[in-house]
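Welcome! Let's take a short walk through this structure, one stop at a time.

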Amino acid sequence: MFPRFIGLLFWLMVMGVMGFWYARTLGALAAALAFALFTIFKDLWRGQKISNWLRHNTVQEPPVLGGLWGDLIDRLRRILNDQKKQTESHQKRLLDFLSAIQASPNGVVLLDPEGRIEWCNQTAAHHLGFDTKRDVMQHVVHLVRDPVFKKYYLQETHDGEVIIEGRSSSLSYSVKLSVQLHAYGENRQLLLSRDVTALAQAEAMRRDFVANVSHEIRTPLTVLSGFIETLQTLDLKPEDRVKFLDLMSTQASRMQGLVNDLLTLSQLEGSPLPLMTEQFMLSELMGAAEAEAKGLSVANSVEGRLTQTLRFEMSQEWRLIGSRHEIYSAVTNLINNAVRYTPQDGTVTCIWAQLPDQRLQFSVQDTGPGIAPEHLPRLTERFYRVDRSRSRESGGTGLGLAITKHVMQRHGGELRIESELGKGSKFSLIFPESRTLEVLQNSSDLHLEVTHSSS
């Protein structure tokens, strides 16, 4: 700046000397004034160019000016570039932050001091039925019309959460949402939503499980207590005493079966997954399962002999990798259920076959009464019965399919259920390819005929 001042002073003196030379004092003053006006207009012109440059925000295209103004432009350009970089950095961080909120499994809604929606992520829009564009600046109570939420919103404090129905709830599937308000900023609020449907279902299943266990154990205990009291207080005939003791034995066996199934479930849930080192032949397992099925069929027959048609088929022999005890339990649960619910002149068909994707399938198809579609999704729940009285009469505990499902999950497989009222049911166990080993037909390990049936 100092050299520029010296330069202006020099040219002012030159103009003054030239004016004094031509017209003495008046000429010197006129020349100095003209030079001053020229300098002022020149600076005004440069200032206008800088103003236009700043007004149009063309930071990367500054006007070409020398001297003090050029230095000023360079300094301004550096400052503006630094601010632009900071703004871009802040915008990127904001976008990253919003992207992280969008990826959150929980719903997030930002409310202004009046309770209007300023922003929400897609999860909240799905939970509460919002439109992320259309519903901006709409009052949240006008959109979430659940009475529980409205009462909660109007409270002075929001220390806890409340459970409301989700917008996607239907008659067949109930969605439960946990919502809570948090204060932030200047009278603003943050609304968080969380899908707790699975937790609500687990809690309901736990309550049902406790209630069912209590009921299932209470019934035989009541019967046993009644018979014991009768035997203690009455002088019964020998045949009546034998009859009562038989009934007591039946109830005791039923309670023992229930306890055994509960212990099996507990062991399945608490034990490590089956190792890949244990192997067994399916022919041996199916031989034992067939013998058990025949015995159960005869025991359930009024005539005391095998009247049902039981078919057991294997297209070839396989080795199965996994826990023989667990898989035998899963297989016999399906076979025994089919035997129990199939009429005495009906047919139960058990088939081992390889699927096109190389997985191994064991299917049990019966000609029983079938199951209505609304019951199918809940069949594997503990103690769930389509017909409670009939299930108890047949000797079931209501835990067989739950055990089967756990076994298949532990072996990386799945349980499939197909049924139609009046036409019977088909239950299938699907084992992954990694759990099966094909055995050649000429192998010395082949102990079971490929196809056989009993009737």
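**A residue at a crossing point**

Arg359 is partly exposed, its relative accessible area being 23%; here buried means under 20% relative accessible area, exposed over 50%, and partly exposed in between (1.4 Å probe, protein chains only). This is a predicted model, in which local features need pLDDT of at least 70 and side-chain atom pairs count only at pLDDT 80 or more, while totals for chains, interfaces and linings use all residues. Residues are numbered from 1 along each chain as its sequence is written, and side-chain values use heavy atoms, leaving out hydrogens and water.

Arg359 forms a salt bridge with Glu414, with the closest N and O atoms 3.1 Å apart. A salt bridge is a side-chain nitrogen of Lys or Arg within 4 Å of a carboxyl oxygen of Asp or Glu. Arg359 sits in the loop between β9 (347-354) and β10 (360-366) and Glu414 in strand β11 (residues 414-420), so the pair ties together parts that are 55 residues apart in sequence. Strands (E, at least two residues) and helices (H or I, at least four) are DSSP runs, numbered from the N terminus.

Glu414 is itself partly exposed, at 31%, and also meets Arg416 in a salt bridge (3.3 Å, N to O). Asp357, Arg359, Glu414 and Arg416 are linked in a network of salt bridges.

Now turn to helix α8, which spans residues 282-300. Its buried residues include Leu282, Leu285, Met286 and Ala289. Seen down the axis of α8, the buried residues fall within an arc of 145°, judged by the directions from the helix axis to the C-beta atoms, so they line one face of the helix.

Note on methods: The expected span of a helix is 1.5 Å times one less than its number of residues.
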